[in-house]
Amino acid sequence: MGDERKLGYTYADLHIGMSFRSPGRTITDADLVAFAGLTGDYSELHTSDVYAKASQFGRRVAHGMLGLAYAHGLMWPRTGELRETAVAFLGISDWKFVAPIFVGDTIFVDYRIAELRDSKSKPTQAIAVFDVELVNQEGKVVQRGRKTLLLSKEPLSAVAASRAPASPEH
């Protein structure tokens with residue numbers, strides 16, 4: 001996208017308009033089965049080839065919430081871009097399920113900082129709002145919306161605590 005990727009952006013590195021693209025992830029049959037088991041959503045559109053073939057889609061479709069969940073995981077946790085600063089996920093707004101995701105599709109997340117402002121209650125934190133598009137391998141938008149994240153203005157001490165200690169010299 002518009003900015004060179006690096007890991008561990010600090011708050012000072014971020015700016016409105018900064019854009020990112022996640023790595024891709026191919027949706028498999030196992031994903032649909034596991035998600036159905038996790039959520040209890042065994043709708044035939046997701047689990048029955050016979051049903052899905054007769055549907056308007058002509059084949060099984062991934063759960064919309066599976067796409068949303070994978071979009072979230074592909075963004076900050078997978079890329080590590082905001083590992084130094086991400087405190088908490090605050091919410092989703094205006095999320096739309098635009099087109100189906102099929103088994104075999106590879107999805108990517110394109111996301112851009114739309115708003116960046118100081119937290120009103122904590123001066124050491126900020127709020128970032130991202131415009132998000134989940135796209136397939138053809139570049140077609142399958143889902144879109146906004147996600148809001150709470151950020152620390154200083155690198156998180158939890159990150160340093162989670163690093164492996166240096167090994168003693170022999």
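Me: What should I know about the model before we start?
Reply: This is a predicted model in which local features need pLDDT of at least 70 and side-chain atom pairs count only at pLDDT 80 or more, while totals for chains, interfaces and linings use all residues. Residues are numbered from 1 along each chain as its sequence is written, and side-chain values use heavy atoms, with hydrogens and water left out.

Me: How many salt bridges are there?
Reply: The count comes to 10, where a salt bridge is a side-chain nitrogen of Lys or Arg within 4 Å of a carboxyl oxygen of Asp or Glu.

Me: Which residue does Asp-131 pair with?
Reply: Its salt-bridge partner is Arg-112, with 2.7 Å from N to O. Asp-131 belongs to strand β5 (residues 125–135) and Arg-112 to strand β4 (residues 106–118), so this pair ties together parts that are 19 residues apart in sequence. Strands (E, at least two residues) and helices (H or I, at least four) are DSSP runs, numbered from the N terminus.

Me: And how accessible are those two side by side?
Reply: Asp-131 counts as partly exposed at 24% relative accessibility, and Arg-112 is also partly exposed, at 33%. For these words, buried means under 20% relative accessible area, exposed means over 50%, and partly exposed lies in between, with a 1.4 Å probe and protein chains only.

Me: What does Arg-146 meet?
Reply: The side chain of Arg-146 forms a salt bridge with that of Glu-115, at 3.0 Å from N to O. Because Arg-146 lies in strand β6 (residues 141–152) and Glu-115 in strand β4, the pair ties together parts 31 residues apart in sequence. Arg-146 is partly exposed at 23%, as is Glu-115 at 30%.

Me: Where does Lys-153 sit, and what is its partner?
Reply: Lys-153 is in the loop between β6 and α6 (157–162), and the pair links it to Asp-118 in strand β4, 35 residues apart. Their salt bridge is 2.7 Å from N to O; Asp-118 has 45% relative accessibility and Lys-153 has 23%, which counts as partly exposed.

Me: Which residues are joined into one network?
Reply: Salt bridges with shared partners connect Arg-112, Glu-115, Arg-117, Asp-131 and Arg-146.

Me: Changing topic: is Asn-136 buried or exposed?
Reply: Asn-136, which is in the loop between β5 and β6, counts as buried at 6% relative accessibility.

Me: What does Asn-136 touch?
Reply: Leaving out residues up to four places away in sequence, Asn-136 touches Asp-105, Thr-106, Ile-107, Phe-108 and Val-142, a contact being heavy atoms within 4.5 Å.
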